[in-house]
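Have the structure open while you read, and go through the points in order.

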Amino acid sequence: MAKQYEFLNQRRLPYLLVLPQMVIVIIFFFWPAAQAVWQSFFIQDAFGSRLIFVGFENYLKLFADPAYGESFVVSTAFALAVTASAMTIALFLAVQANREIRLSSFYKTMLIWPYAVATMVAGVLWLFMFNPNVGVVAWLLEKKLGIAWSHLLNSRQAFLLITVAASWKQVAYNFVFFLAGLQSVPAPLVEAAAIDGASPLVRFWRIIFPLLSPTTFYLLVMNLVYGFFETFPIIHQVTAGGPGKATQILVYKVWRDGVINLDLGGSAAQSVILMLLVIGLTVVQFRFIERKVTY
Amino acid sequence: MIEHSKIRRAMPHVYLWLAIALLVFPIYFVFVASTRTSAEILSAPMPLYPGDRFFQNYGDALLQGAKNLGASAFVMMGNSLVMALGISVGKIVVSLLAAFAIVFFDFRLRKLCFWSIFITLMLPVEVRIMPTYKVISDLHMLNSYPGLIMPMIVSATAVFLFRQFFMSVPREIAEASQIDGAHAMQFFRSILVPMTRTPVAAMFVIQFIYGWNQYLWPLLITTKVRYYTLLIGINRMLSGADVQIEWQIVMATVLLAMIPPVAIVVTMQKQFVAGMTDTEK
């Protein structure tokens with residue numbers, strides 16, 4: 001991309017312009033981030049009045065704690081399950097909607113709106129259907145199919161419920177991107193393959209899917225970020241990390257350890273690790289996007 | 001053969017309708033529950049068609065809220081609205097200025113500013129809650145609108161989108177305005193910003209929804225009922241034992257919490273889709 005025109009002889013103006021953004025970034029990101037790093041090297045004494053420097057002890061304790069390892073495994077399984085189901089379903093639906101069929105704009109609207117539903121509300125919707133006492137679906141499962149539904153006792157059911165709730169909301173987001181991606185696939189390319197006798201499936205996997213790979217990669221990162229970090233409201237509302245610690249994902253543990261257990265050093269150490277993880281993902285994503293823009 | 005192709009042509013419709021049904025059903029249950037009495041819901045299963053308490057329940061929810069809560073949906077809606085508007089408008093203004101500086105000026109700290117903004121691109125508040133909480137508490141901004149809004153303005157999505165758009169503006173336009181003797185800020189105000197209408201609209205939709213749907217942050221910093229947003233109210237109403245939950249009020253509040261963002265996405269669908277997919281390009 002060509003370089004943009006630059007205004008000359010303006011020494012102070014650019015600084016004034018970025019000032020508000022920089023102030024906000026510094027106060028609400030760099031300062032807390034620095035505090036997290038700082039706090040992660042300390043523990044509070046029993047009265048909460050004094051900080052004691054402990055070096056890397058908070059981190060070492062974390063890595064030695066089986067609960068942290070478990071939380072990592074649960075988060076990864078959950079994020080992968082949400083990513084895989086939400087992306088597969090969305091791609092399938094986008095392919096269906098992309099065919100030149102009547103009603104396509106109606107379908108589009110009807111599939112996009114859940115994007116606007118809060119993650120927390122998605123949790124409540126599914127919680128209400130599967131509540132063991134009042135849930136209609138829980139009642140159906142138990143009385144008609146003989147499956148006792150109790151996600152507060154059964155960890156597999158709990159995992160399933162949060163995965164469905166999180167994916168239910170995320171399909172819309174992926175659908176928007178996949179549909180846009182499909183619409184930018186050059187039609188002559190696909191037609192030429194059809195004339196050469198390629199079946200619809202071959203056309204999809206050999207031509208369309210490879211052309212979609214930038215979209216797929218972008219969505220992969222975004223969905224992992226969603227599954228790992230943005231699903232806190234569902235966990236908090238639907239399972240509270242339980243039963244036991246079966247659905248305690250990493251962000252839920254940061255919150256629990258910090259807000260409920262008041263282990264500030266431990267919570268800060270976890271924050272630092274998660275921040276590094278997100279920043280790593282951001283850089284990967286950004287490099288990827290920039291390469292696409294400038295080639 | 002003809003039969004076969006007929007079925008094949010019908011299949012996409014079948015799949016799409018199936019998906020729509022799966023998306024709509026949970027909402028339908030919520031709607032039904034919001035029109036019934038507490039007793040009807042508790043004696044599971046509740047009937048699957050709407051009851052006759054629509055006006056009663058929505059009236060109660062809007063004007064009083066659940067008994068164990070002490071906040072009406074009307075007040076909470078106001079708080080959600082202030083938060084959503086504060087975040088979306090604040091973010092757009094701040095980001096337009098920052099993107100203008102980064103794209104149209106060459107200054108010494110440009111690279112540094114750029115990277116320190118972009119590092120926050122995907123950073124959810126979830127991963128830095130305790131330290132951010134401490135900062136807000138040190139600044140005495142707990143239980144306040146600025147405290148609810150400002151930390152949420154951080155992320156760089158809007159700067160990113162505007163930067164991309166600004167870079168695609170033909171350089172001759174800026175050059176011409178300079179030759180005509182316009183000040184850089186005049187160019188910004190009367191040429192660049194009006195050109196940016198579409199991305200601004202897209203950003204507004206995305207950020208309004210983002211703000212309206214914030215959960216963890218208000219959960220942390222609003223301890224006074226007066227500052228509860230709708231989502232926090234719903235959480236508080238649900239945190240009692242099952243028998244005490246006034247499901248009909250909760251469900252009415254859930255629908256009220258969904259309607260504004262969904263209405264915005266549906267009515268501004270075109271701008272919204274364009275804005276979303278532009279950040280990726």
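**Notes on the A/B contact and a few residues**

1. Starting with charge pairing: the count of salt bridges between chain A and chain B is 0. Keep in mind that this is a predicted model. On the side of chain A that touches chain B, the residues split by class into 72 nonpolar, 17 polar and 8 charged.

2. Polar contacts do turn up. Across the interface of chain A and chain B, 11 residue pairs are in polar contact, counting pairs with both residues at pLDDT 80 or more.

3. Now the extent of the interface. The size of an interface is often given as the accessible area lost when the parts come together. Here chain A and chain B bury about 9700 Å² between them, and 78% of that is on carbon and sulfur atoms. In residues, the contact takes 97 from chain A and 111 from chain B.

4. Is B:T132 buried or exposed? B:T132 has a relative accessible area of 0%, so it counts as buried. Setting aside neighbours within four places in sequence, B:T132 touches A:F28 and A:P32 from chain A, along with B:P151 and B:W217 from chain B.

5. Next, some backbone angles to check. Most residues other than glycine have a negative phi. B:H140 is not a glycine, yet its phi is positive, at about 55°. B:H140 lies in the loop between α6 and α7 (145–149) of chain B. With a relative accessible area of 71%, B:H140 is exposed.

6. B:N143 deserves a look as well: it is a residue other than glycine with a positive phi, near 50°. B:N143 is also placed in the loop between α6 and α7 of chain B. Its relative accessibility is 13%, so B:N143 counts as buried, whereas B:H140 is exposed.

7. Finally, confidence in chain A. The mean pLDDT of chain A is 86, with 95% of its residues at 70 or more. Where in chain A is confidence lowest? That is strand β1 (residues 42–44) of chain A, at a mean of 77, while confidence in chain A is highest in helix α3 (residues 66–98), at 93.

Methods. Residues numbered from 1 in each chain as written. Chains lettered and ligands numbered in written order. Predicted model: local features only at pLDDT ≥ 70, side-chain atom pairs only at ≥ 80, totals over all residues. Heavy atoms only, no water. Contact = heavy atoms within 4.5 Å. Buried area = accessible area lost by both parts, 1.4 Å probe. Salt bridge = Lys/Arg side-chain N within 4 Å of Asp/Glu carboxyl O. Polar contact = N/O pair within 3.5 Å; in protein donor to acceptor, adjacent residues only side chain to side chain. Nonpolar A, V, L, I, M, F, W, Y, C, P; charged D, E, K, R; others polar. Buried < 20%, exposed > 50% of the residue type's maximum accessible area, 1.4 Å probe, protein only. pLDDT = per-residue confidence, 0-100. Helix = DSSP H or I, 4+ residues; strand = E, 2+ residues; numbered from the N terminus.
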